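Colleague: Please take a close look at the space within this model, and then at what surrounds the ligands. Keep it plain.

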Amino acid sequence: MYTYSDFDEAFVRERCKQFRAQVARRIDGSLTEDEFKPLRLMNGVYLQLHAYMLRIAIPYGTLRSDQMRQLGMIADKFDKGYGHFTTRQNIQFNWPTLKDIPDILDALADVQMHAIQTSGNTIRNTTVDHFAGAATDEIADPRPTAELIRQWSTDHPEFQFMPRKFKIAVGASTHDRAALKVHDLAVELVDKDGQQGYRILVGGGLGRTPMIGQVITDFIPKADLLPYLEAVVSTWNIIGRRDNKYKARIKITVFENGIEKMRELVNEEFAKTRAKFSGYDQEVLADLERQFAPPAFKNADPSSLETAVAVDPLLARWVARNTNPHKVENHLSVVISLKEHGKTPGDATGDQMRLMADLADQYGYGELRISHEQNVILPHVAKADIPALFTELAKAGLATANAGLTSDIIACPGMDYCALATARSIPVAEQIALRVKELDLEDEIGLMKIKISGCINACGHHHVGHIGILGLDRAGVENYQITLGGDATETAAIGERTGPGFAYDEVVPAVERLLKTYLEKRNSAEETFLDAYRRLGADPFKEALYGDAKKNAA
Amino acid sequence: MARKFTPKVLTANDLMEGDVIYLAADGSWVRDHAQAEFLEDETIAEMRMLVAQGQPEIAVGPYLADAKMGENGPEPIHFREAFRTRGPSNYFHGKQAETASQ
Ligand code: HEM
Ligand code: SF4
């Protein structure tokens, strides 16, 4: 895994020192809030509904065990004992006080972490498939590419004040687990005639005007990546709209100009940027590829897992749900669900963080990941260690066997924390999860993605949920709009609105009707909700939501 | 014709803690919505806003929020302001916990 270079170390320490002085000046009154706000945002500090919030970057969602342990320490010492993992593979602390934040940033720097560019109109944390380096369907580990992008984009002088924020995701697998098509820019590692290179998509995004990204180039050689990215971001930085915040994202630039025109402009720019890159970046990349070399996998006899699964149905169910095949023999990737029924999706306590860190050391080669679905992953676990790992997780309430099921809900913080929210998300997620548990239908339903946002910004990815829920304020009352048929994978689609919204206490019954309708209408247990929706169209589901009479009223 | 003024309270976030505060009639900042000054007059409300804006070392982002008079003092009207008086609904550790321990 990547460890900071001397340059990284000095850079982050310098920023911590600077910010400590800025906080001191805000507290003694020499900086006004207007002067201070952009400075705090540059360091990931928001002011939310009830408190400050600190957003910390977890580059490509990868954490070493000592880093996870430090996050646990921060949760306990400086917060209320927990942290919230987000859809952009970050962690947010919801209750720090202003005077403590410099100490938190120092504590992060001690384990090579920071909060730089987790806010502002910059290139944000680059996200990656959470099974990177482990998945059977990947061409190569996408993280060296992501780390190269991180080094290029962090504090890039040209890209500190862009029209809006810019989000990049990197993937390398046939199955897209990184929501590539709904990012401003997606980098997809591909193989063309035996040569590795990248396919680049631009113009995806959620929020007010959700869009699916389009291919701007089918193939560029590896050596062209940074000059090409620089050309794309520069082009948008120049022609992107600054007159209207809601039209400033690259998706609008691509939409208004068309992908052909965009490609032409980028290619013109690329001709200039290409010459600026001497090739040193490829030396860096080669070095990163060495640093991301897989751990020394052990060669343990996996038969104990089969034996344990045969006698323990709870273990069997958890293995079936929460593990993913691994490219190395006798290993699996494990999903630690942060979606215990009735709990806040994505939250982990300090104790749980420490336990996960310890278990990563004991069974997972010291490595953890944060998934964009707000779960924690142990990417490499020997099959022989799975029963012991399961026992430890179960003791801490971390062995909920629901990865990919109905209760594995993505929910943004919503109006329980977020100053921009128009309604709550968390309690809706909690209640849906409790209800499906009560009904005991989850296993029967199978793969189901429910995603909830507390406002149109779509931090909870509701547009790409099989069932998407958007909280709105309708005349001073919480109201929830339902979309169906969204998909965040390689077959990405934006969900369609079904009709009028539902009151707070009507949402869970409405979702229940959708689930039951699916179970009635599917042609086999293999047909997922999304497949059934695609085959049947919206009508039967609208009928379930609104009754026959109202289904056409929408 | 002047439109009718909806009564307000003046609210902000505390600079150091970030939590929700209200301006009381004596000019102090309080945590409890019910102890906020009930502003029925638009001109006075605007003046209070100037007072709040003059205290950046205490209050961040002051604004006027709709309120109504209840039994124990001003009460919020909109659900957002109601949430701000207590804290998040997923944990019992926002203002609701402080109130309970009093
Ligand atoms: C709590 C403080 C937060 C604030 C103030 C905030 C702000 C915003 C805003 C303004 C947008 C709209 C962007 C646009 O349409 O141009 C947005 C979108 C988004 N945010 Fe957040 N957000 C917050 C929390 C989160 C969290 C917790 C997550 C992850 C769980 C997240 C991830 C995202 C994502 C994935 C989008 C999707 C839209 C896109 O970029 O295409 N944000 N956020
Ligand atoms: S979707 Fe809206 S409510 Fe939810 S975190 Fe994003 S900005 Fe806040």
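Modeller: In the second largest pocket of this predicted model, three elements of chain A, α11 (313-322), β11 (323-325) and α17 (529-536), each supply at least two residues of the lining. The space in the second largest pocket comes to about 710 Å³. Its lining has 37 residues, and those closest to the centre are His175(A), Glu373(A), Gly404(A), Leu447(A) and Lys449(A). Sorted by class, this lining holds 15 polar residues, with eleven nonpolar and eleven charged.

UniProt, in an unreviewed entry, places the feature "domain: Nitrite/sulphite reductase 4Fe-4S" at residues 119-272 and 448-545 of chain A. Over residues 448-545 of chain A, the figures are 31% helix and 24% strand, and the end C-alpha atoms are 18 Å apart.

Next, the ligands. The iron atom of ligand 1 has a single protein donor, the SG atom of Cys459(A), at 2.1 Å. Cys459(A) sits in the loop between β17 (450-453) and β18 (467-474) of chain A. There are 22 residues around ligand 1, and Cys459(A) is one of those that come nearest, together with Gln48(A), Thr87(A), Leu206(A) and Arg249(A). For Leu206(A), a backbone N or O atom lies 2.7 Å from an oxygen atom of ligand 1. Side chains also take part in contacts: an N or O atom in the side chain of Arg164(A) is 3.0 Å from an oxygen atom of ligand 1, and one in the side chain of Lys165(A) is 3.3 Å from a nitrogen atom of ligand 1. The shell around ligand 1 divides into eight nonpolar, eight polar and six charged residues.

Cys459(A) also belongs to the set of residues around ligand 2. That set includes three other cysteines, Cys412(A), Cys418(A) and Cys455(A). Also around ligand 2 are Pro413(A), Gly414(A), Leu420(A) and Ala421(A), along with Ser453(A), Gly454(A), Asn457(A) and Ala458(A). The shell around ligand 2 has no charged residues; eight are nonpolar and four polar.

The model has nine cavities of 30 Å³ or more. The largest cavity holds about 180 Å³ of space. Of the 17 residues that line the largest cavity, Tyr2(A), Pro59(A), Tyr60(A), Gln67(A) and Gln112(A) are the closest to its centre. Both β3 (62-64) and α5 (143-153) of chain A supply at least two residues of this lining, and β3(A) gives the most, with three residues. The lining of the largest cavity divides into ten nonpolar, four polar and three charged residues.

The second largest cavity holds about 100 Å³ of space. Its lining includes Ala57(A), as well as His114(A), Ile116(A) and Gln117(A). Further residues of that lining are Ile123(A), Arg124(A), Asn125(A) and Thr126(A), and also Arg150(A), Ser153(A) and Thr154(A). By class, six residues in the lining of the second largest cavity are polar, three nonpolar and two charged.

Technical notes: Residues numbered from 1 in each chain as written. Chains lettered and ligands numbered in written order. Predicted model: local features only at pLDDT ≥ 70, side-chain atom pairs only at ≥ 80, totals over all residues. Heavy atoms only, no water. Near = heavy atom within 4 Å. Nonpolar A, V, L, I, M, F, W, Y, C, P; charged D, E, K, R; others polar. 1 Å grid on protein atoms, 1.4 Å probe; cavity = no way out; pocket = protein on both sides within 12 Å on 5 of 7 lines; lining within 4 Å. Points joined across faces, edges and corners; volume = space filled by probe spheres on them. Helix = DSSP H or I, 4+ residues; strand = E, 2+ residues; numbered from the N terminus. UniProt positions renumbered as here; feature names shortened; annotations may be inferred. Donors = N, O, S within 2.8 Å, 3.2 Å for Na, K, Ca; no water. Polar contact = N/O pair within 3.5 Å; in protein donor to acceptor, adjacent residues only side chain to side chain.
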